[in-house]
Amino acid sequence: MLTISNSVTIDEWEVELSAIRSQGAGGQNVNKVASAIHLRFDINRSKLPEFYKERLLALKDSRITKEGVLIIKAQSHRTQELNREDALKRLKDLILSATKVNKARRATKPSRNSQRKRMDKKTKHGQTKALRGNIKL
C-alpha cells in the first residue's frame, strides 16, 4: 500500500508493476536480467478521490495515455528493488504535484519612490557614459 496523504492511499491491486530489460550499454548481465520496472496506474479505475483524478487527467503529461493510464518506467538503478521503489516514489510525487493548488498571482505596481530611483539611476548612467565617450550633452 502506497500512502499519498493522511486520508489517501493506493492499494497494491491498483498499481501494475512488471519487470523489463533496461536500455543502454551494459555488461555481461545486460541481456539476462530484467532490472527495469514498468509501472502502470489506471487513474479512472483507482479509488482516488474525484478531485485527485480530475487534476491528474488534466495534466499535459506524455506519460498519461488517452485512456487515463499513467505509465512510469524506472531504470536508473541496477537492482529491480531500487527501481521499484523509485517508480512508486515518482508516482506519489506526480500525484502530490498534480493536487497542489498554486497561489493566484496578484498584479502589483512599482512604488513612486522606486520609479523615481530608477529614473535617477538611468539619468546618472547616461551622464557617466557621455563623459567617458567625450560626447557633449
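Trainee: What makes Lys 53 count as buried or exposed?
Mentor: Its relative accessibility is 11%. Buried means under 20%, so Lys 53 counts as buried. Keep in mind that this is a predicted model.

Trainee: How do you know that Lys 53 forms a salt bridge with Glu 50?
Mentor: The closest N and O atoms of the pair are 3.8 Å apart. The cut-off is within 4 Å, from a side-chain nitrogen of Lys or Arg to a carboxyl oxygen of Asp or Glu. The pair therefore qualifies as a salt bridge. Both residues lie in helix α1, three residues apart, which is about one turn of the helix.

Trainee: How many salt bridges does a search of the whole structure find?
Mentor: Six. One of them joins the side chains of Asp 61 and Arg 63, at 2.8 Å from N to O. Another joins Arg 116 and Asp 120, at 3.2 Å.

Trainee: Why can such side chains pair?
Mentor: Side chains of opposite charge can do this when their charged atoms come close.

Trainee: What separates Arg 116 and Asp 120 along helix α3?
Mentor: They are four residues apart in α3 (residues 112-132), so about one helical turn lies between them.

Trainee: Why is Arg 116 called partly exposed?
Mentor: Its relative accessible area is 46%. The class covers values between the 20% and 50% cut-offs, so Arg 116 belongs there. Asp 120, at 42%, also counts as partly exposed. Arg 63, with 29%, is partly exposed too.

Trainee: What about Ser 46, buried or exposed?
Mentor: Ser 46 has 5% relative accessibility. Under 20% means buried, so Ser 46 is buried. This residue sits in the loop between β4 and α1. Leaving aside neighbours within four places in sequence, Ser 46 is in contact with Glu 14, Phe 41 and Lys 53.

Trainee: How do you know that helix α2 has close to its expected span?
Mentor: α2 (residues 80-99) has 20 residues and reaches 29 Å from its first C-alpha to its last. At 1.5 Å a residue, 28 Å is expected. The two values are close.

Trainee: Which parts of the structure do the buried residues of α2 pack against?
Mentor: The partners are β1 (2-3), β2 (9-10), β3 (15-20), β4 (36-42), α1 (50-58) and β5 (69-74). The buried residues of α2 include Asn 83, Asp 86, Leu 88 and Leu 91.

Trainee: Which residues meet where α1 faces α2?
Mentor: From α1 come Phe 51, Tyr 52, Arg 55 and Leu 56. From α2 come Leu 94, Ile 95, Ala 98 and Thr 99. The residues of this contact divide into six nonpolar, one polar and one charged.

Key:
Residues numbered from 1 in each chain as written. Predicted model: local features only at pLDDT ≥ 70, side-chain atom pairs only at ≥ 80, totals over all residues. Heavy atoms only, no water. Helix = DSSP H or I, 4+ residues; strand = E, 2+ residues; numbered from the N terminus. Expected span 1.5 Å × (residues − 1). Buried < 20%, exposed > 50% of the residue type's maximum accessible area, 1.4 Å probe, protein only. Contact = heavy atoms within 4.5 Å. Nonpolar A, V, L, I, M, F, W, Y, C, P; charged D, E, K, R; others polar.
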